[in-house]
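Please look over the sequence and the 3D structure below before reading on. The briefing then goes through them topic by topic.

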Number of protein chains: 2
Amino acid sequence: MNLSDYLTSKTAVVEQALSDLVPAVDERPMTIHKAMRHSLFAGGKRIRPILCVATAETVMGNEVFDKYGDTDPVLVGLITTACSLELIHTYSLIHDDLPALDNDDLRRGRPTCHKVFGEALAILAGDALLTRAFQILAEMQGPLPCAPAQLATELSKAAGTTNGMIGGQVADLEAEGHSVDADELHYIHRSKTGALIQASVRMGAVYANAGEQDFNSLSQYGHEIGLAFQIVDDILDVTQTSEALGKTAGKDGEQKKATFPSLYGLEASHQRAEQHFADACGHLEHFGDRAKWLRALAEKIVNRTS
Amino acid sequence: MNLSDYLTSKTAVVEQALSDLVPAVDERPMTIHKAMRHSLFAGGKRIRPILCVATAETVMGNEVFDKYGDTDPVLVGLITTACSLELIHTYSLIHDDLPALDNDDLRRGRPTCHKVFGEALAILAGDALLTRAFQILAEMQGPLPCAPAQLATELSKAAGTTNGMIGGQVADLEAEGHSVDADELHYIHRSKTGALIQASVRMGAVYANAGEQDFNSLSQYGHEIGLAFQIVDDILDVTQTSEALGKTAGKDGEQKKATFPSLYGLEASHQRAEQHFADACGHLEHFGDRAKWLRALAEKIVNRTS
């Protein structure tokens, strides 16, 4: 199996589970469920849930999907854990695109939630996805390899203010139009994007009940790819068209955002992303072949073009 | 001890715990923590956390605060559970006051979050309080009388879309300017306000590990006072001044909201609130004197003037 086949197979599982884990559009009140699903099923690449699953496979062995049946609590719990990350990611995109924040009309090539459903519904749809993420973790049925509260701890820290996603968004907003130093830029990258990417890996490791050494290595891997991810994001905003990205390109420069290329230039940004990739792989060494999908995913994150 | 002393004593405990459970204003990024605290410490009456605590006392006995010390996990866990409800309530007020929703400048007699910090920060402060509510539940340290996931299940259902707070807000928005029937109004009241009030009682009962019969009675009590609470809210919007309410009065009529008085008139609304109060007390009968604070709280909810 190559990475493309792996992604196709895992994406299908995640898509089906996401659809099962969010209320149907004919459930009352229907508009909110339509708005949630509009953004949730808009062609996302599902990087976070797939990282979570691949991490659990690295710890538990790549045969975990064959070993447990589709309805086994161990496998259902893993997929649910993975989906909670995508619900948080999607809520953050909806709120980030609002006129009061980044004011973006286009996301994943489709009109953003507030363009279709209005601002009020978009705010509430974001709130609902955020709430739902914690609900699906809380409602997980055992027997499970870990306590759901451990997963909710990881997710809420990564999504929260101090060193979490919201903290990063605030720092990002406050940096607009100002010159920022390397420390501040690192804080923004690590918190705004890095924290949830790292949590995807950490939650996979928590779920799989990884030992301390394995957990720390995987957490470091997640940290490195989180930083690489945001640097590449910054590079693509400069080098790609809106059509290729499926969202408005060149926004960072327009809004005078603090970005890696604006501070260090494009060439140094590419080098730094490559360095994070190398460091990430370094933390996987002792897993040998078991970590093959995590290596392939890291490479894909660094070499992506959208 | 009379109700006033009881409220004073429990409010002090809740205020202190809320302050301890939310990042300090000097923690980075500072603005988001200022915005969160602006709304969290704006003179709220803490009805939901106190209902939660009083319910647990009804099940566990009114000596629970004397029996356990301030640092005992059982007591700390109960207060944390109670505070999670206030974080959810406060987030919902911040988002509800936004220009895209109710567009309110005044809340609890103070300028609303977005008036002070701007819309972007207000959206993120709401998101952060919502996230924090689930974080404090997930991070609770045992030994506890119940599993944190049970509490998070109750909270997320009550705050969510189907029959939950967000569902009620959506139905409320969609009913603006239309005539609604009794069924629709009941759905709005039960979901928008009733669900979180009822969850305050249910979470107290879950935390205290109530038996099935006690749990069902308490849940019914919570349902009745939730409906009474919203009917009284609707009445006060018509009969009180903005000064007395600490928020803009007469908004419901202005925004053509679906309310109990607009559908049934003031007199019938008063009667209905009294009936819910009587029904609520009916569900407490077999608890005898142990439920004295729940009775007193129900009476206060029905007879409040702000």
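This is a predicted model: local features need pLDDT of at least 70, side-chain atom pairs count only at pLDDT 80 or more; totals for chains, interfaces and linings use all residues.

Chain A contains 16 helices and 2 strands. Chain A has 306 residues, of which 53% count as buried.

**Overall form of chain A**

- A compact globule of 306 residues would have a radius of gyration near 19 Å, and chain A agrees with this because its own value is 19 Å.
- Along the principal axes, the C-alpha atoms of chain A fill a box of roughly 50 × 50 × 35 Å.
- Among contacts in chain A with a separation of 6 or more, 74% are between residues 24 or more positions apart.

**The nonpolar core**

- The largest nonpolar core has 182 residues.
- The residues with the most contacts inside this core come from both chains: A:Ala125, A:Leu155, A:Ala228, B:Ala125, B:Leu155 and B:Ala228.
- Leaving aside residues up to four places away in sequence, A:Leu155 touches A:Ser84, A:Ile88, A:Ala133, A:Leu137, A:Ala199 and A:Met203.

**Helix α8 of chain A**

- Helix α8 of chain A runs over residues 148–159.
- The buried residues of α8(A) include A:Leu155, along with A:Glu154 and A:Lys157.
- From chain A, the cover over the buried residues of α8(A) includes α5 (73–96), α7 (119–138), α9 (165–175) and α10 (182–207).
- From chain B, the cover includes α7 (119–138) and α8 (148–159).

**Contact between chains A and B**

- Chain A gives 40 residues to the contact, and chain B gives 40 residues.
- On the side of chain A that touches chain B, the elements giving two or more residues are α2 (30–40), α7, α8 and α9 of chain A.
- α7(A) gives the most to this side, with 12 residues.
- The residues on this side of chain A divide into 21 nonpolar, 12 polar and 7 charged.

**Residue A:Leu173**

- A:Leu173 lies in helix α9 of chain A.
- Is A:Leu173 buried or exposed? A:Leu173 is buried, because 21 other C-beta atoms lie within 10 Å and the cut-off for buried is 20 or more.
- A:Leu173 and A:Lys256 are 83 residues apart in sequence, while their C-alpha atoms are 9.9 Å apart in space.

Definitions and conventions:
Residues are numbered from 1 along each chain as its sequence is written. Chains are lettered from A and ligands numbered from 1 in the order in which they are written. Helices (H or I, at least four residues) and strands (E, at least two) are DSSP runs, numbered from the N terminus. The radius of gyration is taken over C-alpha atoms; the globule rule is 2.2 Å times the number of residues to the power 0.38. A residue is buried if 20 or more other C-beta atoms lie within 10 Å of its own, exposed if 12 or fewer, and partly exposed in between; C-beta atoms are placed from the backbone. Two residues are in contact if their C-beta atoms, placed from the backbone, lie within 7 Å. A nonpolar core is a set of buried Ala, Val, Leu, Ile, Met, Phe, Trp, Tyr and Cys residues joined through C-beta atoms within 7 Å. The expected span of a helix is 1.5 Å times one less than its number of residues. Ala, Val, Leu, Ile, Met, Phe, Trp, Tyr, Cys and Pro count as nonpolar, Asp, Glu, Lys and Arg as charged, and the others, Gly among them, as polar.
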